[in-house]
Structures are given as structure tokens and as C-alpha cells.
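Hello,

Here is the structure we talked about handing over. Please open it first, then read my notes below.

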Amino acid sequence: MRVKLSNLPLYVLGVFLLLIVAYPLYFIVIASVSDPGMVLNGEVWLFPKKLNLTGYEELFKVDRIWVGYRNTIFYAIAGTAISMLVTVPAAYATSIRSLKIRRPVMLYFMFTMFFNGGLIPTYLIISQKLHMDNSIWVMIIPFCLNVYNMIIMRTFFESSLPQELWEAAQLDGCSHAYYLVRVVMPLSKAVLSVIVLYYVVGKWNEYFMALIYIRDDSLVPLQIVLRDILIQNEALSGAEMGAAGMEASKKANLIKYASIVVATLPMMILYPFLQKYFEKGVMIGAVKG
């Protein structure tokens, strides 16, 4: 009983932190289906009031949103696949203790975390040298390697996979490539799931690359489509006067809340399937006693 009482502050703190994180998401959902006037007056805080689906109706009237969904799903899946194809071998190679150039290579990777060539030189390289601007490849190939994710995976390989495992595989004539595919990756499901989740969320939320490099409406991701819809509705509500302007402002707020739900719902659905591995993966590097 004493142990349970001693843990009570931790439980209270955990519930408090859960409410801080979860309530804003919950409020967005109930505000998106409530009367906009009651939301503005602060009357909606626990349950939706006067069910109103105008925001979703206006949002899904725009045909571009389906194009944006299709593009974002493709960018997230293809981009994550290519990023993992680059990240896993890079992390494994830099985790090999016998590799003499391991430290210089790691310094080279880490240098890019703090310094880069800047937006204009990068744009010139991608558009004039690589000819990837205004194409699907600009959302997938450039910056496909996240150094931070690679370091997390490298740390896992070094700390969780014993050297004796590689030595035993080497005695059986196993190459590094075969060892990586048949031994390392099956034992690294936790960290692989975490890194996949990081990449998918990053690719799903990416809009700056599209804003800079994509001009074709058929290639823009969902985030750009939602941004354009929000800007258009804000402009219309600002142009109206009096009661009409107030109604337009209320509708713009509904569309804003609905767009947040539409943009985040797929990631919220994906997370429970990876939660089991995510809990293991985030403990990488933790003190174990």
C-alpha cells in the first residue's frame, strides 16, 4: 500500500500531462462539428453543441483536396521507403567498429546538421543541376536522409546487437549485406518502426518543399491545398462587411478546424499500430538497471 501511495504523485502528474496533450486535439475535433458562434463565445469546451458539419462540407467540395490526399499518401509512402533504404545501410555502416573511416564519416554527417548551403544555392542545384523542380521527385529524393534518425538507428545497432553475433555469422561465411538483411533487421523491429513513424510524419506534414519547388496543382500535397483553402476563406471573410462578414468569419473558423482534423486523422490512426514498437524504440539509450 505504501508503494502505491508513493507512486500517486506520478500518476497524478501523468494524468495532468495527458490532459495537456490530449485536450487541444479533442477540442479541435468537437469545435469542428459545433456551432461556430458557440465556439467563439467559449461555450464549447467538453462536448460538441448544435451539430454543424458545414466545415467538412465546404472543405470536401474542393476537388483539389482529393488530389492533395493522393499526392501526400504517395509522397509519404515512397519518401519513407527511399529514406529507409538510405538510412538503414548508412546507420549500419557507421556502427561497424572495425571501419577505419567511421569517425570522419560521422563528422561529415553531423556537420550537415548544423550547417547547410542555404535556400538559394539549394534551389539552384535542385532546379538547374538535378532538374527535379516541379516534379514528384523533389518531394522524395532530396533530403531523404535525416541524420538525427540515422544516429538513433546507429546507436541501437551499437548498443543492442553484440559483436559476437557478427563474429558467429562471419564464421558461417556471412557477408555484411546478408547479415544486415537476415540478422540485424529482424532484431531491430523496434527502432525500425520508430524511424518509419518519424519519416512518415515528416513526409506527411511537409509543405515547405512543395511551396518552393512545385508549381503544378496536380502535384501539390494536402498541406498546400489546405493552406490555399484557409487563405481563400480568410480573405473572403475579411472582404465582407457587417453580418455577412461575421457569418463568413464563422464559416472560415469551421473550415480551419475541419482542415486540422483532416490533416492529422491519418497519423492518429497509424500511431496505435506502431505504439508497441514505439515504446521500445524510444527507450534506446536509456539507463537500464
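**Salt bridges**

A search of the whole structure, which is a predicted model, turns up 7 salt bridges. Here are some of them.

Start with Asp217 and Arg64. They form a salt bridge, and their closest N and O atoms are 4.0 Å apart. Asp217 sits in the loop between helix 11 (208-213) and helix 12 (222-239), while Arg64 belongs to helix 4, so the pair ties together parts that are 153 residues apart in sequence. Asp217 is partly exposed, at a relative accessible area of 48%. Arg64 is partly exposed too, at 27%.

Next, look at Asp133 and Arg215. Their side chains meet in a salt bridge, at 3.3 Å from N to O. This pair also links distant parts of the chain, 82 residues apart. Asp133 is in the loop between helix 6 (119-129) and helix 7 (147-160). Arg215 is in the loop between helix 11 and helix 12. Is Arg215 buried or exposed? Its relative accessible area is 52%, and the cut-off for exposed is over 50%, so Arg215 counts as exposed.

The side chains of Arg154 and Glu158 meet in a salt bridge, at 3.4 Å from N to O. Both residues lie in helix 7, 4 residues apart, which is about one turn of the helix. Arg154 has 16% relative accessibility; buried means under 20%, so Arg154 counts as buried. Glu158 has a relative accessible area of 22% and is partly exposed.

Some salt bridges share partners. They join Arg64, Asp217, Arg227 and Asp228 into one network.

**A nonpolar patch**

Which residues make the nonpolar surface patch? They are Met110, Phe111, Met113, Phe114, Phe115, Tyr148 and Tyr198. The patch covers about 760 Å². Helix 5 (residues 102-114) gives the largest share, 4 residues. Tyr198 comes from helix 10 (residues 189-205). Tyr198 is partly exposed, with a relative accessible area of 32%. Patch residues need over 30%, so Tyr198 passes that cut-off.

The mean pLDDT of the protein chain is 84. Of its residues, 89% reach 70 or more. Where is confidence lowest, and where is it highest? It is lowest in helix 13 (residues 242-281), at a mean of 75. It is highest in helix 4 (residues 64-95), at 92.

Best wishes

Technical notes: Residues numbered from 1 in each chain as written. Predicted model: local features only at pLDDT ≥ 70, side-chain atom pairs only at ≥ 80, totals over all residues. Heavy atoms only, no water. Patch = residues over 30% accessible without salt bridge, like charges linked within 9 Å, V, L, I, M, F, W, Y side chains within 5 Å. Areas by Shrake-Rupley, 256 points an atom, 1.4 Å probe, with all protein chains shown as cover. Helix = DSSP H or I, 4+ residues; strand = E, 2+ residues; numbered from the N terminus. Buried < 20%, exposed > 50% of the residue type's maximum accessible area, 1.4 Å probe, protein only. pLDDT = per-residue confidence, 0-100.
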